[in-house]
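Colleague: I am new to this structure. Show it to me, and then I will ask how you know what you say about it.

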Amino acid sequence: MQFVNFQPAEVRNFYVAIEQFKENLPQLLHDLRAEIAKQAHENPTFRQARKTFFDMCNDSINPYLVMDDIREMIIQHILTKDIFMTVFDESQYHRENNIAHELDKIVGTFFHGTIKRNILNRIDHYYKVIKAKASHVSNHHDKQKFLKALYE
């Protein structure tokens with residue numbers, strides 16, 4: 001039975017990291033939402049980039065989007081960009097994809113220096129484990145399965 005239930009350390013570490021990340025995610029999301037609210041209040045460059053993106057999304061994706069949807073897209077972009085880059089190893093995708101490109105612009109208006117370090121340091125351990133696992137996913141089907149498991 002041990003043979004059937006055996007998991008390599010890398011797999012075990014991946015699932016432990018995912019569970020720890022799920023436990024820490026609510027506070028991380030709270031902090032990112034608070035930072036975005038602060039930027040909306042204090043940073044005119046952020047507000048303009050966000051408004052441009054909001055208008056683009058309303059025109060091309062969904063006319064019923066609200067600013068909270070945009071906030072969640074920004075957060076998701078911050079939290080997943082590096083993982084997508086590791087899984088797909090296609091930095092060109094983010095340069096050529098209009099949505100990703102515009103999200104990069106918004107994120108670039110505030111997510112740097114101390115803010116970026118404070119957030120990324122809190123998730124660095126998880127990302128190292130996730131990225132190590134992602135780097136061994138070779139075909140497109142398995143990459144999709146990996147991302148699905150990660151999001152779940």
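Modeller: Start with two residues: Phe 46 and Phe 110 are both buried.

Colleague: What makes a residue buried or exposed?

Modeller: Relative accessible area decides, taken with a 1.4 Å probe and protein chains only: under 20% is buried, over 50% is exposed, and in between is partly exposed. Phe 111 is buried as well, like Phe 110.

Colleague: What is the basis of the model?

Modeller: This is a predicted model, where local features need pLDDT of at least 70, side-chain atom pairs count only at pLDDT 80 or more, and totals for chains, interfaces and linings use all residues. Residues are numbered from 1 along each chain as its sequence is written, and side-chain values use heavy atoms, with hydrogens and water left out.

Colleague: How confident is the predictor in the protein?

Modeller: The mean pLDDT (confidence in each residue, from 0 to 100) is 84. Of the residues, 86% reach 70 or more.

Colleague: Why is the pair of Phe 46 and Phe 110 called edge-to-face?

Modeller: Rings of Phe, Tyr and Trp (its six-membered ring) pair if their centres lie within 6.5 Å; planes under 30 degrees apart are stacked, over 60 edge-to-face, and the rest tilted. Here the centres are 5.4 Å apart and the planes stand at 90 degrees, so the pair is edge-to-face. The pair links distant parts of the chain, 64 residues apart: Phe 46 is in helix H3, and Phe 110 is in the loop between helix H6 (98-108) and helix H7 (113-134).

Colleague: Why is Asn 43 called buried?

Modeller: Its relative accessible area is 12%, so Asn 43 is buried. Asn 43 sits in the loop between helix H2 (9-42) and H3.

Colleague: What does the side chain of Asn 43 reach?

Modeller: The backbone nitrogen of Thr 45, at 3.0 Å. A polar atom of that side chain also lies 2.9 Å from the backbone nitrogen of Phe 46. Leaving out residues up to four places away in sequence, Asn 43 touches Lys 38, Thr 109 and Phe 110 (contact means heavy atoms within 4.5 Å).

Colleague: Why is Ala 37 called partly exposed?

Modeller: Its relative accessible area is 46%, so Ala 37 is partly exposed. Ala 37 is in helix H2. Its C-alpha atom is 8.8 Å from that of Arg 71, which is 34 residues away along the chain.

Colleague: How do you know that the buried residues of H6 are on the same side?

Modeller: In H6, Ala 100, Glu 102, Leu 103, Ile 106 and Val 107 are buried. They cover an arc of only 165 degrees around the axis, so they are on the same side of H6. The arc is that of the directions from the helix axis to the C-beta atoms.

Technical notes:
Helix = DSSP H or I, 4+ residues; strand = E, 2+ residues; numbered from the N terminus. Polar contact = N/O pair within 3.5 Å; in protein donor to acceptor, adjacent residues only side chain to side chain.
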